[in-house]
Amino acid sequence: MTDRNGCISLSELPVGSQARLCDHERSEALSERLQDLGLVPGTDVKVIRRAPLGDPLEVELRGYRLCLRRSEADAVCATANGHSTNGHSTNGRSR
Amino acid sequence: MTVAAAAPPAPLRVALVGSPNSGKTTLFNALTGARAKTANFPGVTVERREGRLTGTPRRVAVLDLPGTYSMRAETPDEKVVDDVLNGQLAGEELPDALLLVVDGTTLRRSLGLVTQVLQRRIPTVLVVTMIDEVRARSGELDLDLLGRILGIPVLGVVGHRGIGLEELSCALERPEGWSRPSILPPSDDPDDRFAWVDAVADRIGVTNATRDRRTDRFDRVLLHPVWGIAIFALTMVFLFQSIFTWAVPAMDAIEMGFGALARGSRATLPPGILTDLWTDGILAGVGSVLIFIPQIAILFTLIHFLEDVGYMARAAFVVDRVMGWVGLQGRCFVSLLSSYACAIPGIMATRTIPSTRDRVATILVAPFMTCSARLPVYTLLIAAFIPAQSLFGPVGLQGLVMLGLYVLGALTAFGSAWLLNSTLLRGTPSSFHMELPPYRLPTLKLLAAQVWGSVSAFLRRAGTIILAASLILWVLLAFPRTPVDPGLDPAAQAQAQLEGSAAARVGRAIEPAIEPLGFDWRIGVGLVAALAAREVIVTTLAQIYAVADPDDFDGLRAELLSDPAFGVATALSLLVFFVFALQCTSTIVVMARETGSWRWPAFAFAYMLALAYTASFVTFQTARWIL
């Protein structure tokens, strides 16, 4: 699951967890459109929920909500930075 | 030399650009007074809406471009925006100025689109909408600073309350005075683009905004693993129930009204071919178009409302998994749902689907969904041949058969999608991503404008074809003229004329082919006529069965029942035929335009006809054997 850089794919993150997208070769497979929607390295995302039937999933990033299939979330890698029940980090990238 | 009167200066052309859900349409309606000329962009079927800026002395034409998330176009809608801003759409001039609309609550995403649009070097003013929501959630944004950073004028508005609009209208009149960026922000590489966006967002005070609490609360219920599915199912039941409880009485009223009008005309006008043309051709034709309006208006009101509120995106999110089983995706669901009103808007709604494969699959199966044109046919045959007995409680056999036809259509659509995606359209598995916008209540004005847009588009597209078809049909039924004995009663005269008509010859020619389905030449005429539009068969049968008044539903029902050649087996077979066959000229034309070739509509027609023929054959032979 977790590789040597501590990156896991977005689809493997549990619901409610926050993560930061990381710069990793797996992101190469990311579609142009998902990048244009702001899924770029350094962006904070939060996994909000899975759909009632288990797929797709809903994430929050850059102040909005996006749903995407698990197969697409597979191509997005992220480092988990904690579980939140209340804090709403809709910040973009932080340096 | 004569001095020509000075021509009025050409209007300034301003185009609105922005993401879906950015408040662009609300702003368009506020600026133009919701009066828009709708047409298509040249050469494509993407809707083009243009209005005139109200309350300003200078003529300013405002063009509403489709919503787009990125200038790297993914859908036909987005391609139009890209082409227009490049001046590459033949027949569409490059706009003089742009009104770029972004939702203030999603600046960390939408400023990415801003960097891309600025590369086109068209004078641009940036409008930040929903600033009231931003204020309530996270405080002030420094829009002046944003303007200085971007080098263009930036204005904050609340479209539906009219806040900031006056200033915007003033600015729109003088794009010559707008500041232009001296250095363009990075736009090519998404990583660089969003690094710049984040830096700017931090400076102008885009904070870690608290989420919209209302949306959170609604989603906890509407997307709940159990309640979410239950509410989705209830919404669908409500949608279909509305067709029957609200639309059917209105449809009956329209039918009765036109019947009365036809009877009145016959009573007052002298008998003759012109009177026939007026009552059987024109009145019947107009009536058969107007009869759809109640159902289409109700369905579109509900669909647009669900869309504007933000529920449609959730519905797509909920059903995406199921759509995925047959190789489609959540967005296709919205399109298939619209097809219950009419396949044409359903097919046109596929323009927001990114993958060509998903679009084509959806377009091909949309005509299986039970559209409003099938309803009059189903109603007539079920009322005539299915006993009105109660099965349990309020559930009657007639209602159950009707439901069965709806379900059969939907199952066939899904089965066909699966078949297509595993054969002709096999390729990369489809993907699905979609913004889930915050829940927002649309204004009545916006909703009314959208519903009118959909209904009038239907009238333009389908209405003209249906009307033309019923006129052609009338000619085929009325010519060549057969000399009839004037001593006969009018119904017998009409029947004699019909039997010698061109239409009857066509019916007799195809009779051998349709006999195994339980159809005689008279139904054959109806089927040929229904190629133009399905419900035309009802008026055709009325004429063939020489019901004195073509809109006399009960009279026609009685005639059908008393015909020994028209039994229950034939009725069931005919019902099944209508579930499957692609009998709609307008749909075929729209399919060709949306897929860019006649190959797909030709395939769909043949596929659906083969399916209809086989299913009718099996139904008739089985029913005859059992009954």
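**Entry 1: a covered helix**

I began with H1(B), where Lys24(B), Thr25(B), Thr26(B), Leu27(B), Phe28(B), Asn29(B), Ala30(B), Leu31(B) and Thr32(B) are buried. A reminder to myself: this is a predicted model. The helix spans residues 24-32 of chain B and is mostly covered, with 9 of its 9 residues buried. I then stepped past the end of the helix: just after H1(B), Gly33(B) has a positive phi of about 70°.

**Entry 2: the sheet in chain B**

Next I traced an open sheet of 7 strands in chain B, and wrote down the order as S2-S3-S4-S1-S5-S6-S7, with mixed pairing. Why is one side of S2 and of S7 in chain B left without a neighbour in the sheet? Strand S2 (36-40) and strand S7 (154-156) stand at the edges with a single partner strand each, so each has one side without a neighbour there. I also noted the twist, which averages 25° from one strand to the next.

Inside the sheet I picked one pair to follow. Strand S3 (residues 47-52) and strand S4 (residues 60-64) of chain B run antiparallel and are joined by 4 bridges. Arg49(B) has Asp64(B), in S4(B), as its bridge partner. Helix H5 (residues 143-150) of chain B packs on the sheet, where it touches strand S6 (124-129) and S7 of chain B. The direction of H5 makes about 155° with that of S7(B).

**Entry 3: domains of chain B**

I looked up the division of chain B and found domain 1 (12-210), domain 2 (227-379 + 398-422) and domain 3 (445-626). The centres of domain 1 and domain 2 of chain B, taken over C-alpha atoms, are separated by 35 Å. Domain 1 of chain B gives 6 residues to the contact, and domain 2 of chain B gives 5. On the domain 1 side, I have 2 nonpolar, 2 polar and 2 charged residues.

**Entry 4: where chain A meets chain B**

How many residues does each chain bring to the contact? Chain A brings 33 residues and chain B brings 36. On the chain A side, the elements that give two or more residues are helix H1 (32-36), strand S5 (64-68) and helix H2 (70-73). By class, I noted 12 nonpolar, 10 polar and 11 charged residues on that side of chain A.

S5(A) runs antiparallel to strand S10 (residues 433-435) of chain B, and 3 bridges join the two. In that pairing, Leu68(A) stands opposite His433(B) in S10(B).

Key. Residues numbered from 1 in each chain as written. Chains lettered and ligands numbered in written order. Predicted model: local features only at pLDDT ≥ 70, side-chain atom pairs only at ≥ 80, totals over all residues. Buried ≥ 20, exposed ≤ 12 C-beta atoms within 10 Å, placed from the backbone. Domains from an automatic or database assignment. Contact = placed C-beta atoms within 7 Å. Nonpolar A, V, L, I, M, F, W, Y, C, P; charged D, E, K, R; others polar. Pairing = 2+ DSSP bridges. Axes fitted to C-alpha atoms, helices over the stretch in contact; angles between N-to-C directions.
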